[in-house]
Amino acid sequence: MEINANFTENAKNDFYLVVKAREGNQKAYADLMHRYKDSIYFMALKMVNNKEDAMDLTVETFAKAFEKLEKYQPDYAFSTWLFRVATNNCIDFIRKKKLNTMSIHGMVDDDGEEKTLQIKADVLNPEETSIKKQQTQELKVLIEGLPPRYRNLITLRYFDELSYEEIAVQLDLPLGTVKAQLFRARYLLGNIINRFNRDDI
């Protein structure tokens, strides 16, 4: 991969972190997440107008971005690519929730028929599937510093993709407890990432 000559210093630094992350450097993953987690969160919050959903979408965005890191090409800054992943993730969430937004619903064609938004599904070949599994494992390293209870919640929510209700049933916990503990788990995960950064300076 050749770096874009027009990149800013920040974009160049991101590019080098992406290269290191692709080589399996865990601090590079943590650094990228630390740089953009707040910006991604506030962007998601503007789109979905719900703090809990925005936090979920932030974590999911990084999970998806890290899983697809091999697809990133340095024609554009990493931040541009990451925000595109985040935007698509939010749009997909809105579509699933069937929120009444002009960008998704309420669009009609020339005959007055409602249009359906088509979102392309990524179909991975065996090599890409292998890479995805490897990078998912690398992402999991970032949550290894959590207490087992919180680590389990994060895994069920973001890797097994269970709903809050499904997690409550599986762990035999009240729904409110699951939501509260996941909020705490995400807070602790942020601290782990920050400590990860400091320890490896």
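## Core, rings and charges

Leaving aside neighbours within four places in sequence, Phe62 is in contact (heavy atoms within 4.5 Å) with Leu32, Met33, Tyr36, Lys37, Ile40 and Leu82. The model is predicted, so local features need a pLDDT of at least 70 and side-chain atom pairs count only at pLDDT 80 or more, while totals for chains, interfaces and linings use all residues. Residues are numbered from 1 along each chain as its sequence is written, and side-chain values use heavy atoms, with hydrogens and water left out.

**Aromatic rings**

- The structure holds nine aromatic pairs, a pair being two rings of Phe, Tyr or Trp (its six-membered ring) with centres within 6.5 Å, called stacked if the planes are under 30 degrees apart, edge-to-face if over 60 and tilted otherwise.
- Tyr41 and Phe42 are an edge-to-face pair because their ring planes stand at 70°, with the centres 5.1 Å apart.
- Tyr41 is buried at a relative accessible area of 14%, where buried means under 20%, exposed over 50% and partly exposed in between, using a 1.4 Å probe and protein chains only.
- The rings of Tyr72 and Phe78 lie with their centres 5.8 Å apart and their planes at 85°, so this pair is edge-to-face.
- Both partners of that pair are buried, since Tyr72 has a relative accessible area of 1% and Phe78 has a relative accessibility of 0%.
- Tyr72 and Phe78 also take part, together with Tyr36, Trp81 and Phe83, in one aromatic cluster.

**Charges over rings**

- The charged end of Arg84 sits over the ring of Tyr76, 5.7 Å from the ring centre, where the rule asks for NZ of Lys or CZ of Arg within 6 Å of the centre and within 35 degrees of the ring normal.
- Arg157 lies over the face of Tyr164, at 4.2 Å from the ring centre.

**Salt bridges**

- The count comes to seven salt bridges, each defined as a side-chain nitrogen of Lys or Arg within 4 Å of a carboxyl oxygen of Asp or Glu.
- Arg157 forms a salt bridge with Asp56, at 2.7 Å from N to O.
- This bridge links distant parts of the chain, with Arg157 in helix H6 (residues 148-159) and Asp56 in helix H3, 101 residues apart, and both residues are buried.
- In the salt bridge between Lys37 and Asp38, the closest N and O atoms are 3.9 Å apart, and Asp38 is partly exposed at 47% relative accessibility.
- Lys96 and Asp92 meet in a salt bridge of 3.4 Å from N to O, and they are separated by about one helical turn because they are four residues apart in helix H4.
- Lys96 is exposed, with a relative accessible area of 61%, whereas Asp92 is buried, with a value of 13%.
- Through salt bridges that share partners, Asp92, Arg95 and Lys96 are joined into one network.

Notes
Helices (H or I, at least four residues) and strands (E, at least two) are DSSP runs, numbered from the N terminus.
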